[in-house]
Amino acid sequence: MTIEPTREILRAYKDLDLSTVNEAATRLKVIDRILREILGWLYEDISPEEHVTEDGATTYADYILKTANAAIVVEAKKAGAAFVMQAGSRRVKLTNSFLQSELGNAIVQARDYARKFSIDFAVATNGSIWAIFPAQRHDQIKFNDSTALVFWSLEDVLNESYQEFFDLLSRDSVISGSLENALLGRAQNQIENRKLGSYFSTNARPNLTNPIFPIIENEVMTAFSDSVVDLDDDSFERCYVSTTETMKFDHKIRMHVTRRESVVSGALLRPMKNSDADALFGKVQASALSSKSLAILLLGTVGAGKTTFLHYMRKIRLKEVFTQDSSRPYPHWLQLDFLLNSPEISATDFIYRSLREYINQDPFLSDFEKCIKHAYSDEIRALRTGPLASLANFEDKLNERIADLIFGEYQEIYPYVDRILRHATKNVPFFLAIDNVDQVEDEDVQSKLFTEALTIARRLSLNLILCLRQATFAKHRNSPSIDAFDFEVVQIDPPKISSVLSKRFSLVRHLASGKKGDFVAENGARVIVDDASQIVDLLQGSVLGTEIGTRIEVLATEDVRLALRMTREFLERGYTNPGRAIEYHNKTGKYVLPRHEAFRAIILGTRTVYTEDFSPIGNPFDSRTSVNQAQLLRLFVLSAIVAYATESGFRFIDGSTISENLRKIGFGEGYTSRILADLCKHRFLFTANHGEPTIASSFVPSRLGGYIVRDLLANFTFVENMMFDTYVADHKVWQELRELSHKVEAERDIVKRLTYRVERVQLFYKYMHECLTPLVVESQKRGLPAQWCTDVMAERETDFRKELSRALASAKHNYGPDGSHTSAASQNIGDEQDEDLSMI
């Protein structure tokens, strides 16, 4: 609270001659100063004397306080007589009897002004008494059942209840939702179910699985599995990729592809480079042969291939080092995948049970004569010379007691494993590779697992290979458990997605070669396939080096697992007319499956309608704040950051910079934090240091984020699918979209149906543009940097209209004016390559 301005304002009010004072004087000496000096509203926020026209007469709303996120009408009356009434409680119900008072009349006048401007909140004040209330509501509560918060004197406002008044009406409070919470009981104003996907499906998808997929299903599931570690060594080596992604600038979207900072300082090995790979394998081999202690920290982003690299190192490059030989001790390797552990089992139990299972299966460690009796030699000697000395002449009984001891510890697990491994590691190294600790969602459980695993490795003198996401390491880098090991840091850079897909297709072709099959084509004919590898050739040619392949690469954001999943879903569902496709491919070898069908399959997966929660692609048109004004914040923030990344020399943008610019247009830190977290969750942005996204973080856009802004906003398939999971607040637009959706579902003529779909998506695009416009206008009005002032939907609109025109032209070409598929062009298989966008 600033004492001097409050005293000056109180003094100025007292000096007013209430018998002669007018509204202008009250505003100048009291209300203006309270709004600006006490409540922190900016000059750019305040619009004095806005015109209100009704029944041909023009009046004025005294003030409108407006940001991109909030608006308030302030009706100013002269100080004194007009509001003379007995002070009441803070919360006053807006009953008809109360509204008959002078204050009530001012409230009604302010309410009517607010409604004319479609503004939800209003204030009526004479400089001393301040009444704050909801002018219009979007729920079922009537105005007369609403309440106002009334501060009954300027002394109350500036002294006795200053903090309450400030927390309610200050700029910082209002842009963070104070009025909604205090007067409505909630910050959200999107309370109805207004998403098309709740009532309609995206498009007819009668066959979720394509008829040719079962012929190669087993081979695809094997080769495109998230993990190929169970493959035989030859197939595994066929799949391994050591080529990393090197793109630094994407020319299509004109954006720099920024590499994030390393989470470790100092030297590290990057084994995707041949020289570093040789150095790493040499260190492991030297440790295996000399029993020299070694601890490796294997870092990588989500889906970068950390697990695959571990298996490659063990099964291919160092296979001979870990060859089992029952005649002598040899190095050991056990890889523990914590995804296989039940939540009910502690990390310690899981590790010890796994170690005992490994011992039981290992020919040397499980052998009593070669290993176990030597591990228990001290205990056996102590028993023979001590408690069991009286049984020296009874060897059978003596051995039975010794066996009881060993078996008892075996059942307890911990002591048995401790003795066996402590003995084994005196002579040979034991490598314990710990994987997927950080895929446990609960952070407290994750931290406990992490600590227990490291403690056991240290206690048993195991050579530790700890496999972690970079974000997880960033959280734990200063923990005592990490400090206990002198780690050799290894970073796994993501492999090039196109190279991964190429090798997986080659494996499918190898596995399917010579396999026969048949399927029923779209015309009902049974098609015989003499060699299933022909199907693989068709599918591979439609992905590698095509727009489909680029889309998968961009959407995956260097996550190999996600790229494999999307490709599997495309192979299973992403194409129609396979009979004609195979026939044309066999004749020409040039057929490429329609890209829109692949894209739709990737967006939808196994579902018939797009839902963000079940798709690899987030929705830039709905920020999911349930607040109308904030609905396009995701797209607004993303487009600004992509604009920054267009500039040469871009490294990252600070969260504080983002927060500052959003605050200027009227969004508090709560909104900023939520939006940044969501943009990172959906892989539109990344934090530069791999940490959790906060306002203190720095951010870089992903290629996916760039493609959303610079490419996909003009894509029919993308926009139409996003539409089904986007809230539509405007009642008129909502009704029109519903009516068009009914027409789409009822229409059987292909061309007419597409015409309705085009009309519907144009209406949706126009409405989204209208929702984005206030954010851009407020940015321009307040002089924000140019990156925040660009209207990306206006920039993409021309391309979007061309895309829609092309879709309609394609439908008419392929199906004729009447949509009957009888045109001459449609009879020629080659015209399939004139992409049938009507089936988007």
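Contact here means heavy atoms within 4.5 Å.

**Figure 1. The whole protein chain, in overview.** This is a predicted model, in which local features need pLDDT of at least 70 and side-chain atom pairs count only at pLDDT 80 or more, while totals for chains, interfaces and linings use all residues. Residues are numbered from 1 along each chain as its sequence is written, and side-chain values use heavy atoms, with hydrogens and water left out. Among contacts between residues at least 6 apart in sequence, 72% join residues at least 24 apart. The secondary structure comes to 34 helices and 19 strands; these are DSSP runs numbered from the N terminus, helices being H or I with at least four residues and strands E with at least two. Taken along the principal axes, the C-alpha atoms fill a box of roughly 120 × 85 × 50 Å. Of the 840 residues, 55% count as buried (buried is under 20% relative accessible area, exposed over 50% and partly exposed in between, with a 1.4 Å probe and protein chains only).

**Figure 2. Helix H11 against helix H12.** Two packed helices are described by the angle between their axes and the distance between the axes. Here the axes of H11 (residues 274-290) and H12 (residues 306-317) come within 12 Å and cross at roughly 65°. That makes H11 roughly perpendicular to H12. Axes are lines fitted to C-alpha atoms, for helices over the stretch in contact, with angles from 0 to 180 degrees between N-to-C directions; under 35 degrees counts as roughly parallel, over 145 as roughly antiparallel, 65 to 115 as roughly perpendicular and the rest as oblique. Asp-278, Leu-280, Phe-281 and Val-284 of H11 meet Phe-309, Tyr-312, Met-313 and Arg-317 of H12.

**Figure 3. Pro-331, between H12 and S11.** Pro-331 sits in the loop that links H12 with S11. Its relative accessible area is 9%, so Pro-331 is buried. Leaving aside residues up to four places away in sequence, Pro-331 touches Ala-288, Val-321, Phe-322, Val-428 and Pro-429. For a sense of scale, Gln-109 is 222 residues from Pro-331 in sequence and 86 Å away in space, C-alpha to C-alpha.

**Figure 4. Ser-342 and its polar partner.** Look for Ser-342 in the loop between strand S11 (332-337) and helix H13 (347-361). Ser-342 is partly exposed, at a relative accessible area of 26%. Its side chain makes a polar contact with the side chain of Glu-344 (2.3 Å). A polar contact is a pair of N or O atoms within 3.5 Å; within protein, one must be able to donate a hydrogen and the other to accept it, and residues adjacent in sequence count only if both atoms are side-chain atoms.

**Figure 5. Two loop residues with positive phi.** Ser-626, in the loop between helix H26 (595-604) and helix H27 (633-645), has a positive phi of about 60° although it is not a glycine. Arg-683 lies in the loop between helix H29 (669-681) and strand S18 (685-687), and its phi is near 70°. Ser-626 counts as partly exposed at 27% relative accessibility, whereas Arg-683 counts as buried at 13%.

**Figure 6. Ser-741 inside helix H32.** Ser-741 belongs to helix H32 (residues 731-746) and is buried, with a relative accessible area of 0%. A polar atom of the Ser-741 side chain lies 2.8 Å from the backbone oxygen of Leu-737. Not counting residues up to four places away in sequence, Ser-741 touches Leu-196, Phe-200 and Arg-760.
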